[in-house]
Structure formats: C-alpha cells, structure tokens
Amino acid sequence: MSTTHKQINFLRGWPSPGLLPTHLLSSACQRVLANQDEYTEMQEYGSCHGLTRLRKGLANWIGPHYGVTPDPERICITGGASQNLVCILQCFSDVNYTRAVWVVAPCYHLGCGIFEDSGFAGRLHAVPEDDEGIDLPIFDRKLQEFEKQDKEKRDQKVMHPADIVYNEYRKLYRHLIYTVPTCSNPSGLTMSLGRREGLVKLARKYDALIISDDVYDLLQWPLAAPVTQDRQAELRLPRLCDIDLSMGLSDDDPHGFGHAVSNASFSKLSGPSVRTGWAEASPVFISGLARTASTRSGGAPSQLCAAMLAEVVENGQLQRFVDETVRPTLQRRHRLMMDAIHTYLLPLGARTRVSSLNGYEIFGGYFVWLELGSESSTKFIADVLKTEENIIVGHGNLFVVHGDERSAIFDNSIRLSFSWEAEQDIEDGIRRIGQLISRMNRNREHYLQLASTSNMS
Ligand SMILES: Cc1ncc(COP(=O)(O)O)c(C=O)c1O
C-alpha cells in the first residue's frame, strides 16, 4: 500500500529549529571576530586542554549546578561526545589489555560502532537495566564470571610493561562501562542515586572506567510544574564522576586517574553543528586525555566554536536560553506526545515510562521508550508504519548491544523522539501509529501473512 501521508520522523534525535540559539551564536561570532587581538588567537592552533575561558565558564556553570567546587583543571574541551569517546578509548584502553566493554542496554545505537572501530568488535557485553538503572547484583556476577573465565586466556597473552599500563599520563583500564545515566537515549531512564553509588564501587572493584555520556543532564524538567531556573535536587543528581571524586583515591590508583569520566556535549544545548563538548574527570585523567596524540597535533578541536561558546557561557546567555527556551519547549513537546500516547496507544495495550526517575515527577532528554505489547515484532511494525503511514520510528532492536544481541532483546519496544517533528505533527503521528495497530489487530491474518512472506520481519 503506498501512502500520500505527510512524513513524520520520530526516529530523528535532532533539536528542532526552534531549539537552536541562532541569534546568540551569530552575535557571539561577530564579537569574537571583531577584535584582532582576540580573533587571531582563535583562528590559530590552540592549547590541548582547550580554551581556558570556556573551561572556566563551564566550571562556574556546571560546578554550582551539581554542588561541586568549580575546577577548570577537571575540564577539557572536546569535539563533542562522539569524537571524545574515541579519544578516551585511545588514551585509556588497549585491545590487548582491556578485556571487555560493558554497555547498558538498550543502548545509544551509534555508540557501539565507535567501540567496534576502536578494536572492540565482539567484546561488547550487554548490561541489563530495571526501573532504577543497572541491575548491580547481576552485573557484579557477570563481571565475576567473566574474570574467572578470562584468567586462563589472560595468562597466555603478552602483557604490556607495567609503565605503559600505568604512568603519570596514562592508565589502561581492564574494563570499560558505557552508560547514559541521565534521561538515557533510548530508554529515557535516569539511574537512581543508589545505583550510581553502587556502580562506581563496582568500577573500582574491577578496575573499570565508566564512560558516562552526560549529554542530556541539563535538559530535565518537572512533569507538571512550570520550568524554572532553580532545579530541585532530583533534577541535579550527582554525575558518576562526582561520586567517584567524593570517594577519594582508590588504593591501586596513586596518581588519581579515578574511575569515571563525564563525556558532555553542546550538541543539545547550542545545536550539534558546533561539534564541541567537554569532558570532566580528575585533573590527572583530563591531562592525559588532553595529551591524546591527535589533540597534541594542533590543540583541542573546535577552537573557533569554543570561543563563541565561551562568550555565551560567560555572559549567561546560553544558560538562560536552556532554561527559558529549550527546557520549556521540550517539556511541552514531551507532554504533547504523552497525551497522545495516553489517548491513542495505551488503550491498545502499549506501556510507557511516565517519569525518567523512579518515584519522582520529572522527565528529560529527547526520547520516549514504548512497549507496544503487540504479537508482531516492532521491526515489522516499523516497516509497515513506513510503508502505510509514512511514519519513521526506531524499532527496539536498533538499540541492542552489537555482538551480544541475545542478552537483551527489545523486539517489543520502539523509541520515539519528541525533539524533532513540528509540534502540530506530534499528535497526528501518534494517532496514525494507533490507527495502524488497530488495523493490524482487525486484520490479523493479513498482517501475519505479510510478515511471513515479506522481508519485513
Ligand atoms: C547518548 C548520546 N551520546 C552522544 C550523542 C552525540 O553527541 P555529539 O553530538 O556531542 O557527538 C548523542 C546524540 O544523539 C547521544 O544521544
């Protein structure tokens, strides 16, 4: 069946044009490029840690937000979360030393490829979640079991000399843990404080580095109350790197690299095109990261964008834009989507998470994760939605951990982005998804036949 419906894309996790601070960037750019003393420096190679102005501006913004002492030495400027994940892997992992990558599932689907490109294909393991985040006893058992089985293989492997595994600039970790603990992509879930503390303890026990993709932390809102600049404590849970810092040095880490890095980004604050982000961890870790060879050859990425962002961070315009435009817009979009889900999908048996953080009335990020409760796989439903309704959704198994698909399967779920489509199309899109599911229920035989004969399975 062909369709003349307008296309609605619920897969695209981009900010809609109204979420881009074009006017702020435009005037910041003009200011940066107006003064030769300043712009010459911005147009040349920069320092490896990145622009000091931006590091200080971020420390003064982010520090009070999380209740930690502002410290620019804990921050370096990056080319965004994706680019910096590669730098983290280059500096702090080694395919001959690091045994495994543990990925919270369902996972950010474009993250797996970055680990695979870095030599970890076939060594990614899914870590299951419940309503509070990682199931720690299961994870602990998995790590224990893995260590036991790995011991024999490890003894046969050529190991690096100790001074390469650990020196003043480098620490190779035995395990990597990749998570989006706040308003996760794709699940929308925020890991509780208790689970965060437990996870850092586990990382310390097994010599793991937690790579925490903190790209949605600043984009949270109360479900019903108006969005204000003052955020209640549940909208500011400590990051994993803050918890690691509060636990002090671990015995086997005298240089103080720590066990968690926050990988943050401006992509959802000022638009992805800036390709600028920041990492926060212990000063030693950050110095090591800034010494990534490709960074040393030219300095931190995105120097000119960093200068524009330094302007709008220092003068508070970006914080205001986030509080007065981005968060209220996302709150409204999320509410539109949830109201439509209640009207059109829950009566058909779908289920969804109302709050990001169990026990609190808050949400954040870009995504709603929905269990459809249908007898067909969501891959099939997504294919039929595209053909019959011209609606694009992310089917659940897009978000499995590559190479460990069987450990956590999501063929009953879909991810819906509420950040991209025009607000007036959100309800229409959800209504059309409901229509299709009702049609599938009414014409069960037809669709079962279609599923068995087409490659839409
Ligand atoms: C969890 C997560 N990490 C990283 C990114 C990409 O970040 P960046 O644009 O900074 O590379 C995204 C974008 O959707 C994301 O959802």
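These are my notebook entries on a predicted model of one chain.

**Ground rules**

I number residues from 1 along each chain as its sequence is written, and I leave hydrogens and water out, so that side-chain values use heavy atoms. Because this is a predicted model, local features need pLDDT of at least 70 and side-chain atom pairs count only at pLDDT 80 or more, while totals for chains, interfaces and linings use all residues.

**Whole chain**

I looked up the secondary structure and got 17 helices and 17 strands. Helices (H or I, at least four residues) and strands (E, at least two) are DSSP runs, numbered from the N terminus. The radius of gyration, taken over C-alpha atoms, is 23 Å, close to the 23 Å that the globule rule gives for 457 residues, so the chain is as compact as a globular protein of that length. That rule is 2.2 Å times the number of residues to the power 0.38. Along the principal axes, the C-alpha atoms fill a box of roughly 65 × 60 × 40 Å.

I then checked burial: 55% of the 457 residues count as buried. Buried means under 20% relative accessible area, exposed over 50%, partly exposed in between (1.4 Å probe, protein chains only). For contacts (heavy atoms within 4.5 Å), I took residues at least 6 apart in sequence, and 79% of those contacts join residues at least 24 apart.

**H4 against H5**

How do H4 and H5 pack? Helix H4 (residues 81-92) and helix H5 (residues 111-120) meet at an angle of about 30°, and their axes are 10 Å apart. That makes H4 roughly parallel to H5. For the angle classes, under 35 degrees is roughly parallel, over 145 roughly antiparallel, 65 to 115 roughly perpendicular and the rest oblique. Axes are lines fitted to C-alpha atoms, for helices over the stretch in contact, and angles run from 0 to 180 degrees between N-to-C directions.

Next I listed the residues that meet: Ser82, Leu85, Val86 and Leu89 from H4, with Ile114, Phe115 and Ser118 from H5. By class, this contact has 5 nonpolar, 2 polar and no charged residues. Ala, Val, Leu, Ile, Met, Phe, Trp, Tyr, Cys and Pro count as nonpolar, Asp, Glu, Lys and Arg as charged, and the others, Gly among them, as polar.

**Buried helices**

In H11 (residues 283-290), I found Phe285, Ile286, Gly288, Leu289 and Ala290 buried.

In H15 (residues 378-389), the buried residues include Phe380, Ile381, Leu385 and Glu388. Their cover includes strand S17 (413-417), helix H16 (423-442) and helix H17 (444-453). Just after H15, Asn390 takes a positive phi of about 60°.

Which residues does a cis peptide bond join, with omega about 5°? They are Ala105 and Pro106, and Pro106 sits in the loop between strand S3 (100-104) and H5. I noted another cis peptide bond between Asn185 and Pro186, with omega about 15°.

Pro186 lies in the loop between strand S7 (175-179) and helix H8 (193-205), and Cys183 lies in the loop between S7 and H8. Cys183 is not a glycine but has a positive phi of about 50°. At 1% relative accessibility, Cys183 is buried.

Asp207, in the loop between H8 and S8, has a positive phi of about 55° without being a glycine. I have Asp207 down as buried, with a relative accessible area of 11%.
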